[in-house]
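Colleague: I have a model open and would like to go through it with you. Could you take me through the loops, the sheet and the core?

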Amino acid sequence: MMIITCPWCGPRNETEFHYGGEAGVAYPADPGVLSDEEWGRFLFVRSNPKGVLHERWSHNAGCRRWFSVHRDTVTHEVGPAR
Ligand SMILES: [Zn+2]
C-alpha cells in the first residue's frame, strides 16, 4: 500500500487517487503531420524506467485536483515533484 501526499489534503491512502500516467509527455506540436507509427508512439510508448518516474495523479476521493509526484517504480516511494 502506498501513501501519497496530496499538496492540498496531505498524506492519504493510494485508494483515494487515480493514476494519470507519466508526466511531461508533450502533445505533438503539429498533430496533422504525424504518421500512424508516430501517433502510436505518442499514445502508447512511455519511458517505463526501473527507478524514479515523474507521474500525474488525481485525488479523486478528495479535492479532485491533479498534481505531479516522483515515484520510485522499485520501492514505490512517493515524493513531491522536483
Ligand atoms: Zn487532495
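**Loops, sheet and core**

Modeller: With 12 C-beta neighbours inside 10 Å, His76 counts as exposed; a residue is called exposed at 12 or fewer other C-beta atoms within 10 Å of its own, buried at 20 or more, and partly exposed in between, with C-beta atoms placed from the backbone. This is a predicted model, in which local features need pLDDT of at least 70 and side-chain atom pairs count only at pLDDT 80 or more, while totals for chains, interfaces and linings use all residues. Residues are numbered from 1 along each chain as its sequence is written.

Colleague: Where is His76 found?

Modeller: His76 lies in the loop between β5 and β6 (78-80). Helices (H or I, at least four residues) and strands (E, at least two) are DSSP runs, numbered from the N terminus. The phi of His76 is positive, about 65°, although His76 is not a glycine.

Colleague: And what about phi of Arg64?

Modeller: Phi of Arg64 is near 65°, again a positive value in a residue other than glycine. Arg64 sits in the loop between β4 and β5 (66-72), and Arg64 is exposed because 10 other C-beta atoms lie within 10 Å.

Colleague: Next, Ser47: which loop is that in?

Modeller: Ser47 belongs to the loop between α1 (36-44) and β4 (52-58). Ser47 has 9 other C-beta atoms within 10 Å, so it is exposed.

Colleague: Which residues does Ser47 touch?

Modeller: Not counting residues up to four places away in sequence, Ser47 touches Glu22 and Leu53; contact requires C-beta atoms, placed from the backbone, within 7 Å.

Colleague: How many bridges join β4 to β5?

Modeller: There are 7 bridges between β4 and β5, which run antiparallel. Among the partners, Arg56 is bridged to Ser68 in β5, and Ser58 to Trp66 in β5. Strand β3 (residues 18-22) pairs with β4 over 3 bridges, also in the antiparallel sense, and Glu22 stands opposite Glu55 in β4.

Colleague: Which residues make up the largest nonpolar core?

Modeller: That core has 5 residues: Ile4, Phe17, Trp57, Phe67 and Val69. A nonpolar core is a set of buried Ala, Val, Leu, Ile, Met, Phe, Trp, Tyr and Cys residues joined through C-beta atoms within 7 Å. Leaving aside neighbours within four places in sequence, Phe67 is in contact with Cys6, Pro7 and Trp57. Across the 82 residues of the protein, 7% count as buried.

Colleague: Finally, what is the overall pattern along the sequence?

Modeller: The protein follows the pattern β-β-β-α-β-β-β. Its radius of gyration, 15 Å, is well over the 12 Å that the globule rule gives for 82 residues, so the protein is more spread out than a compact globule. The radius is taken over C-alpha atoms, and the rule is 2.2 Å times the number of residues to the power 0.38. The C-alpha trace spans about 45 × 30 × 20 Å along its principal axes.

Methods. Contact = placed C-beta atoms within 7 Å. Pairing = 2+ DSSP bridges.
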